[in-house]
Amino acid sequence: MRIGFVGLGNMGAPMAANLVAAGHEVTGYDPVAPLPEGLRPAASAAAAATGAEVVITMLPDGPVLCAVAKEILPEMSPGAVLLDCSTVDVESARAVADAAAGAGCMAVDAPVSGGIGGATAGTLTFMAGGPAEAFERVRPLFDVMGQKAVHCGDAGAGQAAKICNNMILGITMIGTCEAFALADRLGLDRQKMFDVVSTSSGYSWTMNAYCPAPGVGPQSPADNGYKPGFAADLMLKDLRLSQQAAEAADADTPLGLAAMRLYETFVEGEDGRGRDFSAMLPRFEKRRRGA
Ligand code: NAD
């Protein structure tokens, strides 16, 4: 397929490289990041989109996505698909889908789970929103870049699934970390805590697969000085998106709100920036009740 790829940062670069390795013809553009080997360079986002059957974007946020979409849609061929894999707010995803339809193209919002490791290994999970016809057109690309793609519904449904999943993840990580901190104070051995909880009703992905306690459970960022992994900054971004969506949809999400505030304090007021989101555990460890 002829593919345009805009946004070749930590995630975009390995995703684009996998498409090239699978034999696709990829033209790339990023104002800052270097072009991965095998991509044809374009002088602008619009140039990368010209003549492409699918244009993939992997950008920081909704405002950047909307600006890029405005620039590239007039250059895209009729019937081409704009496949946005960034994590953005639901409203931006829907606005881009409307703009694409107005330009005679189709849009799919397909944020990913799996991080830089998954992008490099081609094992991402895609959660997609948009017309079924467009989803089927880009499915072969999902197969190259990932191991699973779920069509969640209309425009914005992919972003909705992503922020709901990550709201659960943020809340659960905090719960797991505060339970470990409580267990410490109660004199309970961390390994014993893991052995019980990971096979009892408190089990979760954060406990069983990504345990925040160093030396306990499978290898995780906790065993590597809390280097991300999934950075607390990115968790904060996703929790803010879930609160923005909850506000717009008038949904009551008290724990999501509390989780967002806690990650905000951790990242912006403490030492959380650039650390894995499981570094909540050493944070709780240091603190006392009500401090
Ligand atoms: P990144 O900052 O490394 O990459 C974003 C790239 O977009 C940068 O290289 C930047 O130069 C480029 N860019 C900015 N403005 C642009 C413009 N106007 N035109 C073209 N390119 C532009 O970020 P990342 O880690 O690759 O994340 C990308 C997206 O994926 C984000 O939405 C993020 O939330 C999401 N995501 C990231 C991870 C992760 O672990 N890093 C995991 C899941 C989802």
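This is a predicted model: local features need pLDDT of at least 70, side-chain atom pairs count only at pLDDT 80 or more; totals for chains, interfaces and linings use all residues.
Residues are numbered from 1 along each chain as its sequence is written, and side-chain values use heavy atoms, without hydrogens and water. Local features need pLDDT of at least 70 and side-chain atom pairs pLDDT 80 or more, while totals for chains, interfaces and linings use all residues.

View 1. The distance is 2.6 Å to an N or O atom in the side chain of Asp30, 2.8 Å to a polar backbone atom of Leu59 and 2.9 Å to a polar side-chain atom of Lys237. Of the 820 Å² of accessible area that the ligand has on its own, the protein covers 80% (Shrake-Rupley method, 1.4 Å probe).

**View 2. The second largest pocket.** A pocket is an open set of points on a 1 Å grid over the protein atoms alone where a 1.4 Å probe fits, with protein on both sides within 12 Å along at least five of seven lines; lining residues have an atom within 4 Å of a point. The volume here is about 340 Å³ (the space filled by probe spheres set on the points). Its lining has 12 residues, with Phe284, Arg287, Arg288, Arg289 and Gly290 closest to the centre.

**View 3. The largest pocket.** This pocket has a volume of about 1300 Å³. Among its 45 lining residues, Met11, Gly115, Lys162, Phe230 and Leu234 lie nearest the centre. The ligand sits in this pocket (more than half of its atoms lie within 2 Å of the grid points).

Key: A polar contact is a pair of N or O atoms within 3.5 Å; within protein, one must be able to donate a hydrogen and the other to accept it, and residues adjacent in sequence count only if both atoms are side-chain atoms.
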